[in-house]
Amino acid sequence: MTTVTDQHPKEDADIYFETHAAPTNLALVASALNTFLTHHRVAGRRVVLVSSGGTMVPLENQTVRFIDNFSAGTRGATSAEYFLEMGYAVIFLHRQFSLLPYSRHYSHSTNCFLDFLSEWGRIGEDDDAPEGTGDGDVVVRRKYKAQMLDVLRKYRRANEQKLLYLLPFTTVSSYLFYLREVATQMQIFGSEGLFYLAAAVSDFFVPPSRMAEHKIQSGDLPDPLAEDSTPATTKSDSKGGRKLMIDLDPVPKFLKRLVERWAPDGMIVSFKLETDPSILLQKCHMALNRYQHNLVIGNLLATRKYEVVFVSPDGEEWIRVPQAKDGETQIEIESEIVPKVVDMHERIIKEKKAAKRA
Ligand code: 9Z3
């Protein structure tokens, strides 16, 4: 904490925004968001912000190297589909090129999308005989048709009714600028706004003041930064070789900001990811106590597709789906998670409305 501004003392989060450049398209995004949100407000629809995928942490201003994480955005993209099915409009704040609702069924898979297609009249290479109208037609292979038609219809509905707003980010700082923008604009929804924060957000970053402008050199050129305090740079080791030294600052706790100022009336769900089962519950409770929001969904890297734990002021509840055996289709755990979150949201809306009337 440093200076005192009009209402609030300046905190790390304020300094973070002051020292990072906003995404260049932020004004355009703000205007498109306004149109999207106003449309759904008038239609009486609830809105959920789903964040998804991993945030990138650049090591250089002109970025060649960066730190990233494992998330492909499966949780976020899958959950977004279930929210759409449950009547919500969805702002999908996602890592660029990570999985998207609907197209996820055909991208990033072991099948190339061309494997879903065949040429009319080409019978015998598969177990199916594709239908079509004549030579030259490209058709969906019969065994994929039913599922693809189902996905296609849902995708069309989302597009035609403008239910899905796709907002891509790359770096942790662009993620935070967009999150702040979306959250403050969603205030018009009051308790009917929902935040479902499934993105894997980096806890660390290189502050702009200490970031190398150009590609960090590995030693074949004299390194002008070698003796100064630039954290992401190379230093000579005792054998005369080069070491990459990375010194990262902690990302300020934006969940606190979201709960207290950006979205004071919305329902907020955060995810907690761990790899050590023995600390998961403790970390979920710590997050809930620290930020005082509505729900922490805990998951372990190894089992995140089969079990999660809901930690809320009501207590703990595990949700599990069986792990599919070879050849079986995996039940998506999000089909259990999302309806439960929606139930909680409904309860919270009722409680907040009743409290207002009282
Ligand atoms: C999650 O825990 C998500 O469930 C996963 C989903 C990232 C594990 P996939 O994309 O994985 O489906 O492969 N997200 C939150 C992770 C996170 O960064 N949480 C912060 C923390 O744990 C709190 S906001 O400290």
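Throughout this tour, contact means heavy atoms within 4.5 Å. Before clicking, note that this is a predicted model, where local features need pLDDT of at least 70, side-chain atom pairs count only at pLDDT 80 or more, and totals for chains, interfaces and linings use all residues. Residues are numbered from 1 along each chain as its sequence is written, and side-chain values use heavy atoms, with hydrogens and water left out.

Start with arginine 75, in helix H3 (residues 74–85); helices (H or I, at least four residues) and strands (E, at least two) are DSSP runs, numbered from the N terminus. Leaving aside residues up to four places away in sequence, arginine 75 touches Tyr196, Ala198, Phe271, Asn299, Arg304, Val308, Ile333, Glu334 and Ile337. Arginine 75 counts as buried because its relative accessibility is 11%, below the 20% limit (1.4 Å probe, protein chains only).

Now show its side chain: it reaches the backbone oxygen of arginine 304 at 2.9 Å.

You'll get 15 residues, the closest being Ser71, Arg75, Lys272, Asn299 and Arg304. Strand E13 (267–274) and H3 each supply at least two residues of this shell, and E13 gives the most, with 3 residues.

Zoom in on lysine 272: a polar side-chain atom there lies 2.8 Å from an oxygen atom of the ligand. Then pick alanine 198, where a backbone N or O atom lies 3.0 Å from a ligand nitrogen atom.

How values were computed. Buried < 20%, exposed > 50% of the residue type's maximum accessible area, 1.4 Å probe, protein only. Polar contact = N/O pair within 3.5 Å; in protein donor to acceptor, adjacent residues only side chain to side chain. Near = heavy atom within 4 Å.
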